[in-house]
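Please open the structure in your viewer and keep the selection panel at hand.

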Amino acid sequence: MEDQFQRKIEYARISVTDRCNLRCRYCRPDHQEILEHKDILTYEELLQICEMFCRLGIRRFKVTGGEPLVRHGCLSFMRSLKQLTGVKQVTLTTNGTLLRPEISKLKEIKIDGINISLDTLNPEKYQKITGSYQLEEVLTSIDAAWEAEIPVKINKVLLPEDTMEDLWPFVERFMEKRKIPVRLIEQMPFGNQKVESAVLTGETILKAIRQSGRSAAKLDTAFGNGPASYYRIQGAVAPLGLIEAVHGNFCAECNRIRLTSAGWLKPCLYSPPTISLRDLLRSGRSEEEILQKIHKEIFEKPVSHHFGEKPSAEEMYRIGG
Ligand code: SAM
């Protein structure tokens, strides 16, 4: 469907849990509150809502969290989601720590792609950022997904302390030796976080690449559903994506809505949630009534985010990244 600004909304990010086995410092507050099981949507409710989204023209779904793979039954849910009438694409975003044992099942359900979030290839830094020692497990998962020929992308948040020394290993390991695109994402401010600006911006990264004697040509092709701009780095077989989540001016092309694990509809990542689809479903409202409400909220999707001015009130783990 189209919203009031004639944007075609056809992509939904569905959070299946607010729980995660990592504690990435930019994502989760120290004293996080997690939802009780009764407060998160059941898989049946999630499918009911996704079916309604399909009726409104949403065709592509990303399963997210928290960490989606910590929730038991996530793969069966994705299988059922893939089978809904009208669904064209189901992808997953994961931190990769629990992925390896699931690769063959993901292949079997014909998952359309996996985004793996990984901020560093240095074990010490990995531990500092995530609070976990599972870097090797993540790297093995990435290799296993790649060998199984599942389309994989790496998402790396740009941290204030990052230098090009942190980025070159990503280029070498994923974009040169394997055909895995790497996307660099500007850190967004959520909750009470103060985001220090990163030394590296899209512009400085491209400049450094060119100064190293390699060309970085902008590509017209999109390699996903999101707002990344892509570059072909000389010598690399996979492209580099830049997602200027705070400073980028891409709200005019935004095609997405979000559903939190508690059942809130969020037409914009930045803005407060709108309606509780969980409460509407559990109070026995008719599907037609709920559909009309979803339609109204999507139609009224805000024109743009305001990350550049102040943080969004909710943390990312609650919303679903
Ligand atoms: N656990 C899954 C994963 O790691 O992909 C899904 C949820 S996670 C919240 C989704 C994505 O949001 C990750 O790539 C993570 O790095 C990103 N993210 C979390 N907080 C962020 C922030 N403050 N700014 C930018 N990206 C953020």
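A residue is counted as near a molecule or strand if one of its heavy atoms lies within 4 Å of it. This is a predicted model, in which local features need pLDDT of at least 70 and side-chain atom pairs count only at pLDDT 80 or more, while totals for chains, interfaces and linings use all residues. Residues are numbered from 1 along each chain as its sequence is written, and side-chain values use heavy atoms, with hydrogens and water left out.

**The ligand**

Select the ligand and the 17 residues around it; those that come nearest are Gly-66, Glu-67, Thr-93, Ser-117 and Met-188.

Next, display the polar contacts (pairs of N or O atoms within 3.5 Å). A ligand nitrogen lies 2.8 Å from a polar backbone atom of Met-188, and a ligand nitrogen is 3.0 Å from an N or O atom in the side chain of Glu-67. At Asn-95, a polar backbone atom is 3.4 Å from an oxygen of the ligand. The protein buries 93% of the 550 Å² that the ligand exposes when taken alone (accessible areas by the Shrake-Rupley method with a 1.4 Å probe).

**The sheet**

Now select the strands (DSSP runs of E, at least two residues). They form an open sheet of 11 strands with mixed pairing, in the order β7-β8-β9-β6-β5-β4-β3-β2-β1-β10-β11; two strands pair if DSSP finds at least two bridges between them. The edge strands are β7 (216-218) and β11 (265-266).

Select residues 11-15 (β1) and 256-259 (β10): these strands pair in the parallel sense over 4 bridges. Ala-12 stands opposite Ile-257 of β10.

**The helices**

Finally, select helix α2, residues 74-83, which packs on the sheet and touches β1, β2 and β3 (89-94); contact means heavy atoms within 4.5 Å. Helix α1 (residues 43-55) lies across β1, β2 (60-64), β10 and β11.

Note on methods
Axes fitted to C-alpha atoms, helices over the stretch in contact; angles between N-to-C directions. Polar contact = N/O pair within 3.5 Å; in protein donor to acceptor, adjacent residues only side chain to side chain.
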